[in-house]
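Let's take a walk through this structure together.

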Amino acid sequence: VFNGPVTNNGTITGGTFNGTVTNNGSITGGTFNTAITGSGTEIDPYQISTAAQLKLFRDIVNGTGGQTQNAGAHAKLMNDIVLNDGTFDENGTYTPGASGKAAEKWTPIAYSGLFNEHTTLYYTGTFDGQGHAITGLTIQQGDVSATLTLGLFGYAGSGAALKNFTLTGGVTLTTSQQIAGAACGIGSVVGHANGATITDVQTSVSVTVSSPSTKNVGYVGGLAGMTTKATLLRCGYSGTLTLTLTGSGNGL
């Protein structure tokens with residue numbers, strides 16, 4: 001995966017190119033995506049038009065894929081984004097769409113793995129959907145024995161603004177392990193909104209959790225799994241929450 005400019009004077013076989021390409025040699029195969037425009041500031045936000053650019057924005061916030069981490073990057077959607085073209089039933093089961101492809105799993109924006117109040121990556125920028133749709137969000141998390149946050153965004157902190165978009169897809173956590181303590185924030189838009197503002201967001205994502213835990217599994221919600229001093233305005237959820245808890249604890 002090439003996220004920056006590429007000048008090729010030799011031979012490259014395959015790859016994904018997310019930046020500009022100057023080819024003085026030979027490139028065989030590969031996927032060429034339009035480079036993300038904007039600088040990520042409040043007055044010059046990243047302009048996201050494709051799924052590849054949304055993934056690149058995610059890598060910038062997370063500091064993965066060779067990107068310098070910028071948890072406060074600002075962005076706006078310029079088009080509808082299709083992450084997967086299939087559909088989900090109320091149990092979170094995915095049926096491939098016209099492409100015939102299996103669902104590509106999503107790693108949340110502002111996700112640093114296991115959740116810890118002191119080390120978790122907080123998103124603090126503005127993400128403006130400008131009325132566009134993100135379809136086919138797919139998160140499938142297996143066994144966990146400690147805390148984590150799941151959603152389009154993992155953790156949105158103080159100052160973060162998520163607004164003006166619709167979201168469809170499925171979020172699934174299926175664990176066979178005993179989870180000690182209030183383990184997870186699981187939602188469609190964000191796992192944990194801590195001081196964040198979510199405005200004019202509509203979601204029909206199915207959220208499915210299955211656990212044998214005899215202690216708190218955590219917090220599960222349609223839009224946000226967990227909220228702490230967060231503000232939700234003019235939002236709606238029309239998806240399905242399916243919670244299967246086989247333990248004897250207080251659950252959720």
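Is Leu-245 buried, partly exposed or exposed? Leu-245 counts as partly exposed because its relative accessibility is 33%; buried means under 20% relative accessible area, exposed over 50%, and partly exposed in between, with a 1.4 Å probe and protein chains only. Before we go on, a word on what you're looking at: this is a predicted model, where local features need pLDDT of at least 70 and side-chain atom pairs count only at pLDDT 80 or more, while totals for chains, interfaces and linings use all residues. Residues are numbered from 1 along each chain as its sequence is written, and side-chain values use heavy atoms, with hydrogens and water left out.

Back to Leu-245, then. Leu-245 sits in strand S24, residues 241–245 (strands are DSSP runs of E with at least two residues, helices are runs of H or I with at least four, and both are numbered from the N terminus). Together with Leu-241 and Leu-243, Leu-245 makes a nonpolar surface patch of about 220 Å². A patch takes residues with over 30% relative accessible area and no salt bridge, joining like charges within 9 Å and nonpolar side chains (Val, Leu, Ile, Met, Phe, Trp, Tyr) within 5 Å. The areas come from the Shrake-Rupley method with a 1.4 Å probe, and for residues only the protein chains shown count as cover.

Next, the salt bridges. With the rule that a side-chain nitrogen of Lys or Arg lies within 4 Å of a carboxyl oxygen of Asp or Glu, the count is three. One of them joins Lys-55 and Glu-104, with the closest N and O atoms 3.0 Å apart. Lys-55 is in helix H1 (residues 51–62) and Glu-104 is in the loop between strand S11 (94–95) and S12, so this pair ties together parts that are 49 residues apart in sequence. Lys-55 is partly exposed at 21% relative accessibility, and Glu-104 is partly exposed too, at 43%.

Another bridge links Arg-58 with Asp-59, at 3.2 Å between the closest N and O atoms, and both of these residues are buried. Then there's Arg-234 with Asp-200, where the closest N and O atoms are 2.8 Å apart. Arg-234 is in the loop between strand S22 (231–233) and strand S23 (236–237), and Asp-200 is in strand S18, so the pair ties together parts 34 residues apart in sequence. Arg-234 counts as exposed at 57% relative accessibility, while Asp-200 counts as partly exposed at 27%.

Stay with Asp-200 for its backbone. Most residues other than glycine have a negative phi. Asp-200, however, has a positive phi, near 55 degrees. Gln-130, in strand S12 (residues 126–141), also has a positive phi, near 50 degrees.

Finally, return to Lys-55 and Glu-104, and look at the space around them. Both are among the residues lining the second largest pocket, along with others including Tyr-94 and Asp-85. A pocket is an open set of points on a 1 Å grid over the protein atoms alone, with protein on both sides within 12 Å along at least five of seven lines, and lining residues have an atom within 4 Å of a point. This pocket holds about 220 Å³ of space.

Conventions:
On a 1 Å grid over the protein atoms alone, a cavity is a set of points where a 1.4 Å probe fits but cannot get out, and a pocket is an open set with protein on both sides within 12 Å along at least five of seven lines; lining residues have an atom within 4 Å of a point. Grid points are joined across faces, edges and corners, and a volume is the space filled by probe spheres set on the points.
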